[in-house]
Amino acid sequence: MNVIYADENGLKTVRTLALQTWPDTFKNILSPEQIDYMLEWMYSANALREQFENGIQFILAEDNGEYYGFAAYEFHYKNELRTKIHKIYILPDSQGKGVGKLLIDFISNDAKKRTNDILTLNVNRYNKAIGFYEKLGFKTMYAEDIDIGKGFLMEDYVMEKAL
Ligand SMILES: CC(C)(COP(=O)(O)OP(=O)(O)OC[C@H]1O[C@@H](n2cnc3c(N)ncnc32)[C@H](O)[C@@H]1OP(=O)(O)O)[C@@H](O)C(=O)NCCC(=O)NCCS
């Protein structure tokens, strides 16, 4: 399995992977309406291009021309020496095989090269991914509810890991 940077063209792959992963991830956590709303907000072609142009790094897990997952992250988040992981999603059939850890390791190395010494992320409080992050050494810092409009709420934990 390789980790490669997605260029603007690779954003189409990111969108395809998100559409294949989100319903499975959130079917027991969010309403179908909220899933559709958040996918449009964060994963429309325009939204992804805007994130890319604003310096968000996109990476893909690739093997033999097939794609298994992606992540997106931002150095110097809020002008601090921290890297924010905005997204990390592995295709349902490819979870539990080390791909997520591979992407987090890649991000950790990239962050350290930029002298960032903390990884930070938001995770839904009902998402079993919390167990994955804990396994990799992340700690829960605090809970955060974020109003995202249209009556929808993100009920998150903020988790961090020192590098
Ligand atoms: C969460 C996710 C990114 C983890 O990636 P993954 O490829 O499935 O996980 P890995 O196989 O790399 O797991 C690495 C380690 O964490 C452990 N782990 C994985 N998921 C776990 C969980 N839910 N609870 C506890 N431990 C877990 C693995 O057993 C493995 O441990 P090991 O190194 O001792 O073998 C992936 O499952 C996923 O995309 N989930 C759906 C989308 C999602 O929720 N994304 C996060 C949004 S904030």
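## An annotated domain, its aromatic rings and its ligand

According to an unreviewed UniProt entry, residues 12–163 carry the annotation "domain: N-acetyltransferase". The structure shown here is a predicted model, and within it the span of residues 12–163 is 38% helix and 36% strand, with its end C-alpha atoms 31 Å apart.

### Aromatic rings

The count of aromatic pairs in the model comes to 10. One of these pairs is formed by Trp22 and Tyr89, whose rings are tilted with 35 degrees between the planes and lie 5.8 Å centre to centre. This pair links distant parts of the chain, since Trp22 belongs to helix H1 (residues 11–26) and Tyr89 to strand E4 (residues 82–90), and the two are 67 residues apart.

Are Trp22 and Tyr89 buried or exposed? Trp22 counts as buried because its relative accessibility is 2%, and Tyr89, at 13% relative accessibility, also counts as buried because the cut-off is under 20%.

Trp22 and Tyr89 also belong to a cluster in which ring pairs link them with Phe26, Tyr43 and Phe70. Tyr43, a member of that cluster, has Lys87 lying over its face, at 4.5 Å from the ring centre.

### The ligand and its surroundings

The ligand is surrounded by 20 residues, of which the closest are Ile90, Gly96, Gly98, Gly100 and Lys135. Which elements each supply at least two residues of this shell? They are strand E4, helix H4 (99–113), strand E5 (118–124) and helix H5 (129–135), and H5 provides the largest share, with 5 residues.

| Residue | Protein atom | Ligand atom | Distance |
|---|---|---|---|
| Gly100 | backbone N or O | oxygen | 2.8 Å |
| Asn127 | polar side-chain atom | oxygen | 2.9 Å |
| Lys128 | polar backbone atom | nitrogen | 2.9 Å |

Taken alone, the ligand exposes 920 Å², and the protein buries 72% of that area.

Notes: Residues are numbered from 1 along each chain as its sequence is written. This is a predicted model: local features need pLDDT of at least 70, side-chain atom pairs count only at pLDDT 80 or more; totals for chains, interfaces and linings use all residues. Side-chain values use heavy atoms; hydrogens and water are left out. UniProt positions are given in the numbering used here, feature names are shortened, and annotations may be inferred rather than shown by experiment. Helices (H or I, at least four residues) and strands (E, at least two) are DSSP runs, numbered from the N terminus. Rings of Phe, Tyr and Trp (its six-membered ring) pair if their centres lie within 6.5 Å; planes under 30 degrees apart count as stacked, over 60 as edge-to-face and the rest as tilted. Buried means under 20% relative accessible area, exposed over 50%, partly exposed in between (1.4 Å probe, protein chains only). A charge sits over a ring if NZ of Lys or CZ of Arg is within 6 Å of the ring centre and within 35 degrees of the ring normal. A residue is near a molecule or strand if one of its heavy atoms lies within 4 Å of it. A polar contact is a pair of N or O atoms within 3.5 Å; within protein, one must be able to donate a hydrogen and the other to accept it, and residues adjacent in sequence count only if both atoms are side-chain atoms. Accessible areas come from the Shrake-Rupley method with a 1.4 Å probe; for residues, only the protein chains shown count as cover.
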